[in-house]
Amino acid sequence: MGQDGITIAIPNWNHEAFLPRSIQSGLEAVACCRDRGIEAEVLVIDDGSRDGSLGLLRTLEALYADRGLRVHRQEKNGGLAAARNAALLMARQRHIVLMDADNEIIPDNLHLFHQAIRETGAAGAYGNLLIRKAGHDVAWRICSNESIQAKIFDMNYVDAFAIFDRLQLLDVGGYSNALPAWEDWEMWLHLACSGRAIVFVPLAFGYYYELPNSMIRSHDGAETHLARCQRMFNQVGARADAPLNACLMRYFPGVGLL
Amino acid sequence: MGNDAPSFEKGGPHGRCRVLLVIPGKVNFFYNLYARWMAEGFQRLGAHVHLCELPDVPDGVYDLCIVSCVGEVLHAVGRDEGRRRLRDLRSASGVMMNLMAECAKTRWFRNVVDPGRELGIEDIVDVGFLPQDDVVAREGFRYHHVFDGLLVTQLQQGPAAGGPPSLADRPIPWAHIGMHTKGRVALTDRLIGHVAPNGFVYLSEVSPIKEKGSPHLNPDHMRRVLRRTAYYVWCAHHDHFFMESLRFKTAWATGCVPIKVVDEQSALPADLAFASFVLREGQVTDVLNSMDFVAARQALLDEYQRRPRFEAGLARLMDAYGLDRRDLPGLAVDRQEDTQAPRAA
């Protein structure tokens, strides 16, 4: 298995316009980690894009390979879960950040999330995501802003843009293809129901940009999948009374569990 | 302040004023805190004080009963049982007051006062930096303001953080804690981008605040975080100007500097207490980047030293209701203006 550092994995499907921003923030995060003695890399998984992504990615890879950028091309589009699972297998480091191609990570804070996941032994650690509307430079909403609680069985409020222990993610079988558009939620519930620890770190992790025609907005049948997800994890509505290791788990480096 | 408080046979054992403080207990810790501080203050003023949750109130009569937010106490006990118990307590109390520590212009104010009014509790004691009698009296309540200064013992013992002001052991540059609102998210974004990215951000959704099992931080969590923090920054979750005095007190106790952020349009009252810690949103990042932490911290300590003690407001309240109390030297109880302007150091 890989070293104890961080792979920042960016699955990409036709997000050419946003790749410079996400990759730049990822490479800056790599530099910040390396300055602190933490090995890190950026791994882009291109999921059969049909726009100009591939050409751009090959150029960026040639320019920035020494700064830790790698690109893997999947010829056939396999969907988000498959792209993430490919990243889990191809990553060189123990910890993996799963970052959408239109996300932006806050470079200076990544080492603190790395510290949090190592010190807690959690399967996943996440922090606040500031949500900006396209064209606006100030956030107006926030998500991934609370610890795991029973209410997560009714709705998802934790994005996949987080850091994970790659070993634990592989151990639970990786991402499921069964719930298109709800892969994030399915994974958090799967980890929680598997007794894994999931920790909320009250720091800002990155930026999430609201874009027209995003996957969750444009996906057909989302409501059906939502009901299916609830059927899988909380069919009789008893989860609120069942103990979960992840429940209300909060940790801040230098302060400890809260 | 009203002038038609109910008459009642005053004085408990040894002629001491009997004060009962009823706390919510497991919900909304800040109302527990205020009641505990009041208990200490009333004791220093010579009262015989009992503090407990509503189901634990012992049989007896009281010269003064303060319910630390009727709405929260009912929430903790259950509405029907709570109402029954409070009605019983009302008939056993000379004066019964509803404690509030909220902005009177928000909907939260209704949660405080409406349940009290239903039970015939028409006296309100408001703890804070700024009197809100204009709003509360308009609603027909008898109103009494207590300036939220430090207790004599708090000043004598000093902040729990102790030692001279220093940034050593404060690796968290700023902390922003509160309910999630659009304005708070925007402030957080500016702090991350223009001050330091690694601030403590805890903006949770609106839900009941419980001692355990809720997403909110409890007083112990707050202490642990803020003792590692330089600047405790916040803005209101509503559009009205209000000084959140508990946040100032928490900053004082934990060794950090409070920074209240207001929008550009807010009209600040003249002679505002702790005005140097109130910043316009347009200036907050520049000021924080150039602020001398040690000097700002010392200014906070100095201003608390100059402001009235918490006991002074309680003494004034007892006087207003004709309740016997002990004289405490140096409280300047008779000087109403002390709640507005600092005394000379």
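Helices H1(A) and H2(A) are roughly parallel to each other, a label given to angles under 35 degrees. The structure is a predicted model, in which local features need pLDDT of at least 70, side-chain atom pairs count only at pLDDT 80 or more, and totals for chains, interfaces and linings use all residues. Side-chain values use heavy atoms, without hydrogens and water. Helices (H or I, at least four residues) and strands (E, at least two) are DSSP runs, numbered from the N terminus.

**Helix packing in chain A**

- The axes of H1 (residues 19–35) and H2 (residues 53–64) of chain A come within 11 Å and cross at roughly 25°; axes are lines fitted to C-alpha atoms, for helices over the stretch in contact, and angles run from 0 to 180 degrees between N-to-C directions.
- A:Leu19, A:Pro20, A:Ile23 and A:Leu27 of H1(A) meet A:Ser53, A:Leu56, A:Leu57, A:Leu60 and A:Tyr64 of H2(A), where contact means heavy atoms within 4.5 Å.
- The residues of this contact comprise 8 nonpolar, 1 polar and no charged (Ala, Val, Leu, Ile, Met, Phe, Trp, Tyr, Cys and Pro count as nonpolar, Asp, Glu, Lys and Arg as charged, and the others, Gly among them, as polar).

**Helix packing in chain B**

- H1 (residues 29–44) and H9 (residues 245–254) of chain B pack at an angle of about 75°, with their axes 12 Å apart.
- H1(B) is therefore roughly perpendicular to H9(B), the term for angles of 65 to 115 degrees.
- B:Phe30, B:Leu33, B:Tyr34 and B:Trp37 of H1(B) form the contact with B:Ser245, B:Leu246 and B:Lys249 of H9(B).
- This contact contains 5 nonpolar, 1 polar and 1 charged residues.

**Buried residues**

- In helix H3 (residues 80–90) of chain A, 8 of the 11 residues are buried, that is, under 20% relative accessible area (1.4 Å probe, protein chains only).
- The buried residues of H3(A) include A:Leu80, A:Arg84 and A:Asn85.
- B:Gln154, in helix H6 (residues 152–157) of chain B, counts as buried because its relative accessibility is 14%.
- Leaving aside neighbours within four places in sequence, B:Gln154 contacts B:Trp37, B:Lys249 and B:Trp252.

**Nonpolar cores**

- The largest nonpolar core has 139 residues, and those with the most contacts inside it are A:Ile8, A:Val97, A:Leu110, B:Phe200 and B:Phe274; such a core is a set of buried Ala, Val, Leu, Ile, Met, Phe, Trp, Tyr and Cys residues joined through side-chain atoms within 4.5 Å.
- Strand E9 (residues 198–210) of chain A gives the most to this core, with 9 residues.
- Another core, of 52 residues, lies apart from it and includes B:Val19, B:Leu64, B:Leu246 and B:Leu328.

Technical notes: Residues numbered from 1 in each chain as written. Chains lettered and ligands numbered in written order. Parallel < 35°, antiparallel > 145°, perpendicular 65-115°, else oblique. Buried < 20%, exposed > 50% of the residue type's maximum accessible area, 1.4 Å probe, protein only.
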